[in-house]
Amino acid sequence: MHADVIVIGGGLMGCSIAYRLAKDGARVLVLERSIPGAEASSAAAGILGPTVESFGDALALQLGRRSRELHAELADELDELFGVDVGFRRCGVVKLAFSDEELAELDGQASSLELHGIRCDRWSSEDLRHEEPAANPEALGALSISEDAQVEPKKLLSAVALGAEREGASFRSGSTVRAVNVEGGRARGVQLGDEVLEAERVVVAAGSWTTLIPGLPFDSETIYPVRGQMIATHTRPPIFRRIVFGAGGYVVTRPDGRVLCGSTTERVGFERGITFGGMADVIGKATRIAPALASAAIEEHWSSFRPGTPDGLPLVGETRIEGLLLASGHYRNGILLAPLTAELVSDAMAGNPLSREAQALSPHRFEEPAR
Ligand SMILES: Cc1cc2nc3c(=O)[nH]c(=O)nc-3n(C[C@H](O)[C@H](O)[C@H](O)COP(=O)(O)OP(=O)(O)OC[C@H]3O[C@@H](n4cnc5c(N)ncnc54)[C@H](O)[C@@H]3O)c2cc1C
């Protein structure tokens, strides 16, 4: 098949873009060096929590809230079309305070969210005990925001990949792109070992590895890996109803009682693995949030790399090389921002005028000048 668009990377970003562009009518080929979902997208907790992650940044908050609502629509669509439940639940989030200083911070966060018309409830320790009895009784109070949600990233990724294939996109696993081929200031396709694949457009969605791919007009360290370690267990009954943040970590509860605890943020390059220090850190945060977890069995642990950027925002859209687009660098919010990213890439391909949001995420801000 001759593709109109080659997407490099089969994480949630690459799969979401493939689904969206295939629905737009493009012939899409996704090249994945391992298998779809091999990296960060399967490691994520699935928190769709812009009010906690981005409350201090109006633009990031707005982008996150929009994308969270696109998730709600996408979940309905995937259920209707393919009968797949991706675990989207508007469960809400709670943030605990363990000191007067943290209580004051929660007040500041609530005021800033209320300015954006977001409803927040300030809970006393008694309210907290009533609403989430497993929360640490040492918490002095909490902030509850009901509009945030969660999704199950692995289920979402398989459903979106399935959707993309049903819409005619092709996937090639085990295909490591060695370079993007550029001639006369235009992307012509990619290099796969000795094989050359041609396409009018190339979208690089290779997560933490994006700017390592030769042929891109970026310093190789523009997008860099930030390791996160996680632990999972089960509790019966499910330990919390909401996603609970506190002590620098979080506890996410699925309806079947599965509990995900995170996470570390480590600049250790591409060093894979689980460390004693990382586990101690995650366990310390999780048991501070929910002391009962101290007696839970560790069922799984894993780590992966969040794609970090110098300003904390992703790089989405066209580069100065015609036909070459980026969709990467989503750091802690790549699951949240995947549907919005797919929409922005689709808009850029259609030549639609750039919205204010799209301008803010433009890769041009980190591009190396042409030589
Ligand atoms: C522990 C942890 C918890 C997280 N929790 C959340 C959360 O709760 N909510 C949230 O919104 N976000 C969360 N994130 C962040 C989120 O997981 C990422 O931002 C998101 O998954 C990035 O998706 P991606 O598709 O860009 O990258 P990835 O999922 O890493 O996919 C990139 C793909 O590109 C492939 N690739 C790389 N190089 C090449 C090449 N040369 N040729 C072909 N293929 C290539 C890789 O094999 C990989 O499959 C978390 C991340 C971590 C690590």
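**Loops, helices and domains**

Modeller: Let's start in a loop. Ser-263 lies between strand 16 (258-262) and helix 8 (276-289). One caution: the model is predicted.

Biologist: What kind of peptide bond joins Gly-262 and Ser-263, and what is its omega?

Modeller: The bond is cis. Its omega is about -20 degrees. There is another cis bond, between Arg-236 and Pro-237. There omega is about -5 degrees.

Biologist: Where is Pro-237 found?

Modeller: Pro-237 is in the loop between strand 13 and strand 14 (243-246).

Biologist: What is noted about the phi of Ala-247?

Modeller: Phi of Ala-247 is near 55 degrees. That is a positive value, and the residue is not glycine. Ala-247 belongs to the loop between strand 14 and strand 15 (249-253).

Biologist: On to helices. What describes two packed helices?

Modeller: Two things do: the angle between their axes and the distance between the axes.

Biologist: How do the axes of helix 4 (residues 58-82) and helix 7 (residues 153-166) meet?

Modeller: They come within 11 Å and cross at roughly 60 degrees. Now set that angle against the cut-offs. Roughly parallel needs an angle under 35 degrees, and roughly perpendicular runs from 65 to 115.

Biologist: Why are helix 1 and helix 9 called oblique to each other?

Modeller: Their axes cross at roughly 40 degrees and come within 8 Å. Roughly parallel would need under 35 degrees, and roughly perpendicular starts at 65. The pair is therefore oblique. This crossing is right-handed.

Biologist: Which residues of helix 1 and helix 9 make the contact?

Modeller: From helix 1 they include Leu-12, Met-13, Ser-16 and Ile-17. From helix 9 they include Gly-334, Ile-335, Ala-338 and Pro-339. The contact has 11 nonpolar, four polar and two charged residues.

Biologist: How is the protein chain divided into domains?

Modeller: The domain assignment gives domain 1 (5-45 + 154-221 + 310-366) and domain 2 (89-148 + 224-308). Their centres are 30 Å apart, taken over C-alpha atoms.

Biologist: How do you know that domain 1 and domain 2 are in contact?

Modeller: Two residues are in contact if their C-beta atoms lie within 7 Å. By that test, 13 residues of domain 1 are in contact with 16 residues of domain 2. On the domain 1 side, four are nonpolar, six polar and three charged.

Biologist: Which residues come nearest to the ligand?

Modeller: There are 43 residues around the ligand, and Gly-9, Gly-11, Gly-207, Gly-228 and Gly-334 come nearest. Elements giving two or more residues to this shell are helix 1 (12-23), helix 2 (40-43), strand 13 (224-234), strand 17 (300-308) and helix 9 (334-350). By class, the shell has 20 nonpolar, 18 polar and five charged residues.

Biologist: What does each domain give to that shell?

Modeller: Domain 1 and domain 2 each supply at least three residues to the shell around the ligand.

Technical notes. Residues numbered from 1 in each chain as written. Predicted model: local features only at pLDDT ≥ 70, side-chain atom pairs only at ≥ 80, totals over all residues. Domains from an automatic or database assignment. Nonpolar A, V, L, I, M, F, W, Y, C, P; charged D, E, K, R; others polar. Near = placed C-beta within 6 Å. Helix = DSSP H or I, 4+ residues; strand = E, 2+ residues; numbered from the N terminus. Axes fitted to C-alpha atoms, helices over the stretch in contact; angles between N-to-C directions. Parallel < 35°, antiparallel > 145°, perpendicular 65-115°, else oblique. Left-handed = near helix turned anticlockwise from the far one by under 90°.
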